[in-house]
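Welcome! Have the sequence and the structure ready, and let us read through them together, one topic at a time.

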Amino acid sequence: MIKGQFNKDRFFGVEIEFLRPSHLTHRDIALFLRNAEVNCKASHYTHNTTPHWKLLGDVSVKSNGLRNFSGNNELVSPKLKGIEGLNELMKVCKVLEEIGCKVNATCGLHVHQDVSHIVATDKNAKRFLKNLIVWVSKFEHIIYKLISPSRLKTGYSRPIRSTILESHSLSIGTEINENDFKRLANKTVKTLVKKTEYSVTAKRGNRRLQRNRYSGLNLYKVWERGSVEFRYHQGTINFDKIANWIVLTQAIINVVETKSYVSLKYVSKGLKGLSQLRTALGFCESNKDDTTKNANKFFIKRFRGFEKRNREYLGLSEYFLVADGLYKTNNNREA
């Protein structure tokens with residue numbers, strides 16, 4: 001995989017939570033999508049991956065008194081990949097907008113990135129999962145500034161740092177240094193991998209890295225689903241927002257997959273920290289493709305807009321935990 005270029009061979013998936021006009025049923029919306037040449041079926045609630053888009057209920061999505069709209073809606077994609085997958089997503093977003101669907105603060109966007117080939121062996125799984133936890137942890141204060149502060153009020157996209165601490169029965173406010181954090185992350189993953197005997201057919205589905213799935217970086221069912229789920233993003237049916245988030249989260253997987261070791265050097269706040277994130281992802285590479293170029297421009301603009309709302313972020317306990325970056329210690333300070 002070339003750094004700075006969209007991986008057209010990696011599968012991804014999306015879960016789009018939204019509000020529908022009350023006069024439309026799930027069957028109606030599925031029919032609108034089929035008329036737009038998107039294979040979609042209304043379905044009962046299931047976590048099974050299907051070859052078609054499935055429209056089902058989600059009780060966490062509520063209209064909250066918005067007249068003429070109904071909650072309890074989630075649209076889940078089949079496995080998608082490449083530009084063809086993004087084009088199909090564009091059709092879906094266009095239909096949802098045209099029939100008058102909306103989102104509110106109860107809605108979220110979940111993006112899955114395929115890692116099934118990486119976690120197929122214990123050795124690769126341990127290396128990748130530990131590195132992914134460490135990588136996301138050190139950039140998490142920047143990642144949160146790419147999403148609306150409203151998302152952090154829900155409790156559905158908590159910092160991975162708090163998830164790791166809780167897995168070791170430590171308070172989320174516990175002060176630990178970078179070496180301690182690496183040790184905890186490594187212990188978490190090793191315990192997970194060694195926890196039970198498994199077979200290929202069992203898919204190691206009974207293993208759990210987290211106590212629940214409500215983390216921005218969700219590894220709760222990484223073996224069962226064969227994917228890493230990013231739950232940070234607020235609800236949206238806007239194609240540009242979803243597509244660029246897919247590109248960014250895929251870039252995270254692409255970068256971590258190739259690393260044997262992830263350093264915990266301090267990442268700055270503000271635009272300097274954003275520059276460090278963009279550089280780490282390959283968004284500053286001279287050979288980046290058009291898809292990555294668009295994502296780079298999109299997130300620079302988005303970060304600048306949200307950075308102006310810093311007080312809103314600091315007023316939220318979930319963000320306050322990560323606001324200063326990861327471990328600004330004497331040996332790991334910004335120069």
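## Contacts across the chain

Within this protein, 74% of the contacts with a separation of 6 or more are between residues 24 or more positions apart. Contact here means heavy atoms within 4.5 Å. The protein has eleven helices and ten strands; these are DSSP runs (H or I of at least four residues for helices, E of at least two for strands), numbered from the N terminus. Of its 335 residues, 54% count as buried, where buried means under 20% relative accessible area, exposed over 50% and partly exposed in between, with a 1.4 Å probe and protein chains only.

A word on the source: this is a predicted model, in which local features need pLDDT of at least 70 and side-chain atom pairs count only at pLDDT 80 or more, while totals for chains, interfaces and linings use all residues. Residues are numbered from 1 along each chain as its sequence is written, and side-chain values use heavy atoms, with hydrogens and water left out.

## Two pairs of helices

Look for helix α8 (residues 270-281) and helix α9 (residues 290-307): their axes come within 11 Å and cross at roughly 155°. Axes are lines fitted to C-alpha atoms, for helices over the stretch in contact, and angles run from 0 to 180 degrees between N-to-C directions. The angle makes α8 roughly antiparallel to α9, since angles under 35 degrees count as roughly parallel, over 145 as roughly antiparallel, 65 to 115 as roughly perpendicular and the rest as oblique. On the α8 side, Gly-270, Leu-271, Leu-274 and Arg-278 make the contact, and on the α9 side Asn-296, Phe-299, Ile-300, Phe-303, Arg-304 and Glu-307. Five of these residues are nonpolar, two polar and three charged (Ala, Val, Leu, Ile, Met, Phe, Trp, Tyr, Cys and Pro count as nonpolar, Asp, Glu, Lys and Arg as charged, and the others, Gly among them, as polar).

Now find α3 and α4, whose axes come within 9 Å and cross at roughly 125°. These two helices are therefore oblique to each other. Ile-133, Val-136, Ser-137 and Glu-140 of α3 meet Ile-160, Arg-161 and Ile-164 of α4, a set with four nonpolar, one polar and two charged residues.

## Aromatic rings

How many aromatic pairs does a search of the whole structure find? There are eight. Rings of Phe, Tyr and Trp (its six-membered ring) pair if their centres lie within 6.5 Å; planes under 30 degrees apart count as stacked, over 60 as edge-to-face and the rest as tilted. Trp-135 and Phe-139 have ring centres 4.4 Å apart and planes at 40°, so this pair is tilted. They sit four residues apart in helix α3 (residues 122-143), which means about one helical turn separates them. Trp-135 is buried at 2% relative accessibility, and Phe-139 is buried at 4%.

Tyr-156 and Tyr-214 also form a tilted pair, with 5.1 Å from centre to centre and 45° between the planes. Because Tyr-156 lies in the loop between α3 and α4 (160-167) and Tyr-214 in the loop between α5 (178-194) and β9 (217-218), the pair ties together parts that are 58 residues apart in sequence. Tyr-156 is partly exposed at 26%, and Tyr-214 is partly exposed at 28%.

## A lysine in a strand

Is Lys-54 buried or exposed? Lys-54, in strand β4 (residues 53-56), counts as buried at 4% relative accessibility. Leaving aside neighbours within four places in sequence, its contacts include Lys-41, Ser-43, Glu-74 and Val-76.
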